[in-house]
Amino acid sequence: MSTVDQVTTSERADLVQTLRRHRGFLRQTVAGITDEQAAARTTVSELCLGGLIKHVAGTEESWMRFAVGGADAMQSVPVDWEGQFRMREGETLAGLLDDYARVAARTDELVATLDLDSAHPLPVAPWFEPGASWSVRRVLLHVIAETAQHAGHADILREAIDGAKTMG
């Protein structure tokens, strides 16, 4: 194996390992709670633990569509901007966690095969710099940051439910 291959392999492993670690924090935060607790709003925000799981899974899946096919692929599935942070009637925490595991497995597979330097123009949105492009590497870093940030949010919500602290 060449030095370049070793660096790339190491980089991919580091990205996946870091993402898995933050996914694990998020999953740990909801361990042992009921569907009712997962759906409960414990702060003045709309956030609930189940909704955070749903949002992070949906966001990761959407960004990986972008990594593979660009903005059109990313936008090929509509986003429920309000509902993505809440558990809907009939949704269960177990079901949301199963969906998250499916998304995570697909992402991990893609990280092993995608060209990390491949880039696509970002979708037109007020929160993106006009004309900017993101590489697959940048997308993965964004997904890691998003997951870590929401794991912290989840820790606050969980502590408000039963005093459990999963991150400190």
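These notebook entries record what I looked up in a predicted model.

**Conventions.** I worked with a predicted model, in which local features need pLDDT of at least 70 and side-chain atom pairs count only at pLDDT 80 or more, while totals for chains, interfaces and linings use all residues. Residues are numbered from 1 along each chain as its sequence is written, and side-chain values use heavy atoms, with hydrogens and water left out.

**Helix α4.** I took helices (H or I, at least four residues) and strands (E, at least two) as DSSP runs, numbered from the N terminus. I looked up α4 and found that it covers residues 93–113, 21 residues in total. From its first C-alpha to its last, α4 reaches 31 Å, close to the 30 Å expected at 1.5 Å a residue; the expected span is 1.5 Å times one less than the number of residues.

I next asked which residues of α4 are buried. They are Leu93, Leu96, Leu97, Tyr100, Val103, Ala104, Thr107, Asp108, Leu110 and Val111. Because they cover an arc of only 160 degrees around the axis, they lie on the same side of α4; the arc is that of the directions from the helix axis to the C-beta atoms. Asp98, Ala112 and Thr113, on the other side of α4, are exposed. For these terms I used a 1.4 Å probe and protein chains only: buried is under 20% relative accessible area, exposed over 50%, and partly exposed in between.

Leu96 lies in helix α4 and counts as buried at 9% relative accessibility. Leu96 and Ala39 are 57 residues apart in sequence, and their C-alpha atoms are 11 Å apart in space. Arg102 is also found in helix α4, but counts as partly exposed at 44% relative accessibility.

**Helices α3 and α5.** I recorded that the axes of α3 (residues 49–74) and α5 (residues 136–162) come within 10 Å and cross at roughly 180 degrees. Axes are lines fitted to C-alpha atoms, for helices over the stretch in contact, and angles run from 0 to 180 degrees between N-to-C directions. The two helices α3 and α5 are therefore roughly antiparallel to each other (over 145 degrees). By class, their contact has 14 nonpolar, six polar and three charged residues. Helix α5 has 27 residues and reaches 39 Å between its first and last C-alpha, close to the 39 Å expected. Just after α5, Gly163 takes a positive phi of about 80 degrees.

**Aromatic pairs.** I found six aromatic pairs in the structure; rings of Phe, Tyr and Trp (its six-membered ring) pair if their centres lie within 6.5 Å, and planes over 60 degrees apart count as edge-to-face. Trp63 and Phe66 form an edge-to-face pair, at 5.3 Å centre to centre and 75 degrees between the planes. Both lie in helix α3, three residues apart, about one turn of the helix. Trp63 is buried, with a relative accessible area of 5%, and Phe66 is buried at 0%.

Trp81 and Trp127 form an edge-to-face pair, at 6.3 Å centre to centre and 70 degrees between the planes. Trp81 lies in the loop between α3 and α4 and Trp127 in the loop between β1 (119–121) and β2 (133–135), so this pair ties together parts 46 residues apart in sequence. Both Trp81 and Trp127 are exposed. Finally, I noted that Trp63, Phe66, Trp81, Trp127, Phe128 and Trp134 form one aromatic cluster.

Definitions and conventions. Angles under 35 degrees count as roughly parallel, over 145 as roughly antiparallel, 65 to 115 as roughly perpendicular and the rest as oblique. Ala, Val, Leu, Ile, Met, Phe, Trp, Tyr, Cys and Pro count as nonpolar, Asp, Glu, Lys and Arg as charged, and the others, Gly among them, as polar. Rings of Phe, Tyr and Trp (its six-membered ring) pair if their centres lie within 6.5 Å; planes under 30 degrees apart count as stacked, over 60 as edge-to-face and the rest as tilted.
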